[in-house]
Amino acid sequence: MKKTISKDGFATGLTYILLSAYSIVIILPALWMVFSSLKKMLELFTAPFSPPVEPQWINFANAWSAGISRYLFNSLIITSVSVLLIVVVSAMAAYAFARLRFPFRVPLYLLLIVGFAIPVHTTLIPLYRTLNSANLLNTYPGVIGPYVAFGIPFSVLLLYAFFVQFPSEIEDAARIDGCDTWQMVIRIVLPLSLPAMSSVAIFQTVFLWNEFSVALITLSDDAMRTIPLGLTTFQGQWTTNWPSLLAAVTLASIPLLLIFIILQRQFINSLAGFSK
Amino acid sequence: MSNGLIPQSLLLNQPARKKRVLAGRWYEYRDAFILVAPALIIFSIFVIYPVINTIQLSFYEYGLTDPNLEFVGFQNYEQIFQDSVFWRALRNNGIILVGSVLVQVGGGVILAAVLSRGIRWGKTFFRTLHFAPVMMSTVAVGVLWQLIYDPGVGILNAIIKAFGLRPPSQGWLGDPNLVMFAILAAACWQYTGYVMTIVLAGMESVPGELYEASALDGANEVQNFFYITLPVSRNVIIAAILITMIGAVKVFDIVYVLTRGGPANSSQVIGTYIYYNAFTVNQAGYASAIAVVLLVIAIGFGALQLRFTRQI
């Protein structure tokens, strides 16, 4: 901050009022969610604004045992495997596009990047038919495959931009020292591009942990459902057990929020910094 | 041995070096294709093939898992033109698009301007808090807001009653005239802070000297905002508008979770209408034709984005 408007106390006051007002808009629903998830059903009607009289942790136990634990496990497997594959596969491709010369380099790159614009809903019907005939519905690979594919365009785009800027002197030095391409990639390029790759990984983790549409058509078996899909199951089942439903929503939101608070700079750079 | 002008070794090396370069190029091709192949194969199976297949399937009539397809030509497309629900869905995408740009980008720019210029402490706190809803899944946000809007337990009606006002009799999500705005509000709650963060990143790259110079000229903060901050962060704001617009074209989760497109299709958007036709009423051919329309619209916006981000 080179200069603030400290001269003008009125404007500063107005600024904080504006920021606080919006903060209240954000906090109020979240606070209501947490309070209500710890209340008895009746309290929701009689005391909608107040904190719970006596925290009903049983609501969380309900949500946990009704399936949240299973959904968390599925989301964890599906997200981590998908993100790992996306990063590896995209980094390989992006490195080749940025660093090597080969026939059809530009058309192939554009082909991958165009996928960025394709909404997943335009592919759901063939995806369902293919997965169905390959007996991949309700399996981890059946959902990981599309996840990796839809993660590729944006990841290749970001990593390509990184590798293009990567100083080639480092690579030349490695070549003079007798490294072949593979040794160079593993010993030099990979360690130096960890920040770019973790940025891609964070972006895809947030996106896939919360992904809904592909999961909705692929995972109908309750034991296979991911967190977002599981929440809609509760939404259908617990039409009168709102405290437990809100406990489920709270539980479902905690993991990412927690990691976000710990790694917030990295998260914000990854999710909102790409427009620069 | 040497003729004294050109070193012998160099002369001898010419053909050998050429061969090595050729061999090197071949290795480079081989390495490149090995590196690109996995991404290309996965992408082809799960994106390119389904997109082409959707276009093909849009000319047929069939149920979702039917092996037998009946060719109907452009009939599905003709049906789209006569289908009032499709136009309603398209209009609803438009409502979300315009509303999101106004609220999320408008609000996001104001919040970012205030955060980047106006305050000395609490910046990280506000940014973290405003960004936090992005970490929740849209499904979680949807379930939460469904309960907020609930006529029985919802906090919104409780607030309105506390002010002595009367909440809408059909409920926020049950009234066809209100439902899109209720959906929009939930979406804006989740994403305004996201847009703010993108724009903030751009505004922080505005050189401080500009503000110092304008202070010498006696400009106030409002003038600064219109004459320095906005013009300099123009590209980031355009990028944010495009991201928001593309999000509105693709919108699905929040509508599905809040209303499933109801009541009586009044909150249907293109995404949910594709899902409804394919997976609920088993008219996969018709759904494919709508999907092709969505594809065309999305590619249009994608091209727009490519054009603008290239300039940035």
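Is Arg260(B) buried, exposed or partly exposed, and how many other C-beta atoms lie within 10 Å? Arg260(B) is partly exposed, with 16 other C-beta atoms within 10 Å. The scale behind that word runs on C-beta atoms placed from the backbone: buried means 20 or more others within 10 Å, exposed means 12 or fewer, and partly exposed lies in between.

This is a predicted model: local features need pLDDT of at least 70, side-chain atom pairs count only at pLDDT 80 or more, and totals for chains, interfaces and linings use all residues. Residues are numbered from 1 along each chain as its sequence is written, while chains are lettered from A and ligands numbered from 1 in the order in which they are written.

**Loop between α11 and α12 of chain B**

- Arg260(B) sits in the loop between α11 and α12 of chain B. Its phi is near 55°, a positive value in a residue other than glycine.
- Asn265(B) lies in the loop between α11 and α12 of chain B. Phi of Asn265(B) is near 65°, again positive in a residue other than glycine.
- Asn265(B) counts as partly exposed, with 19 C-beta neighbours inside 10 Å.
- Gly262(B) and Pro263(B) are joined by a cis peptide bond, with omega about -5°. Pro263(B) belongs to the loop between α11 and α12 (270-280) of chain B.
- For background, most residues other than glycine have a negative phi, and most peptide bonds are trans.

**Chain B as a whole**

- Chain B has 13 helices and 2 strands. Both are DSSP runs numbered from the N terminus: helices are H or I with at least four residues, strands are E with at least two.
- The radius of gyration of chain B is 28 Å, well over the 20 Å that the globule rule gives for 312 residues, so chain B is more spread out than a compact globule. The radius is taken over C-alpha atoms, and the rule is 2.2 Å times the number of residues to the power 0.38.
- The C-alpha trace of chain B spans about 110 × 75 × 30 Å along its principal axes.
- Of the 312 residues in chain B, 44% are buried.
- Among contacts in chain B between residues at least 6 apart in sequence, 71% join residues at least 24 apart. A contact needs C-beta atoms, placed from the backbone, within 7 Å.

**Helix α7 of chain B**

- Helix α7 (residues 179-203) of chain B has 25 residues and should span 36 Å at 1.5 Å a residue; its end C-alpha atoms are 35 Å apart, which agrees. The expected span is 1.5 Å times one less than the number of residues.
- α7(B) bends by about 40° at Tyr191(B). The bend is the angle between axes fitted to the seven residues ending there and the seven starting there.
- α7(B) is mostly covered, with 23 of its 25 residues buried.

**Domains of chain B**

- Chain B is assigned domain 1 (8-57) and domain 2 (81-311). Such bounds come from an automatic or database domain assignment.
- The centres of domain 1 of chain B and domain 2 of chain B, taken over C-alpha atoms, are 42 Å apart.
- Their contact takes 4 residues from domain 1 of chain B and 5 residues from domain 2 of chain B.

**Chain A**

- Chain A has 13 helices and 0 strands.
- The C-alpha atoms of chain A fill a box of roughly 75 × 70 × 35 Å along the principal axes.
- Buried residues make up 45% of the 276 residues in chain A.
- Chain A is divided into domain 1 (1-56) and domain 2 (62-272). Their centres, taken over C-alpha atoms, are 33 Å apart.
- Domain 1 of chain A gives 9 residues to the contact, and domain 2 of chain A gives 6 residues.

**Where the chains meet**

- The contact takes 83 residues from chain B and 81 residues from chain A.
- Helix α1 (residues 8-57) of chain B supplies the largest share of the side of chain B that touches chain A, 21 residues.
- That side of chain B has 61 nonpolar, 14 polar and 8 charged residues. Ala, Val, Leu, Ile, Met, Phe, Trp, Tyr, Cys and Pro count as nonpolar, Asp, Glu, Lys and Arg as charged, and the others, Gly among them, as polar.
- In helix α11 (residues 227-237) of chain A, the buried residues include Ile227(A), Leu229(A) and Phe234(A).
- The buried residues of α11(A) pack against elements of both chains, among them α3 (58-99) of chain A and α5 (138-149) of chain B.

Definitions and conventions: Contact = placed C-beta atoms within 7 Å.
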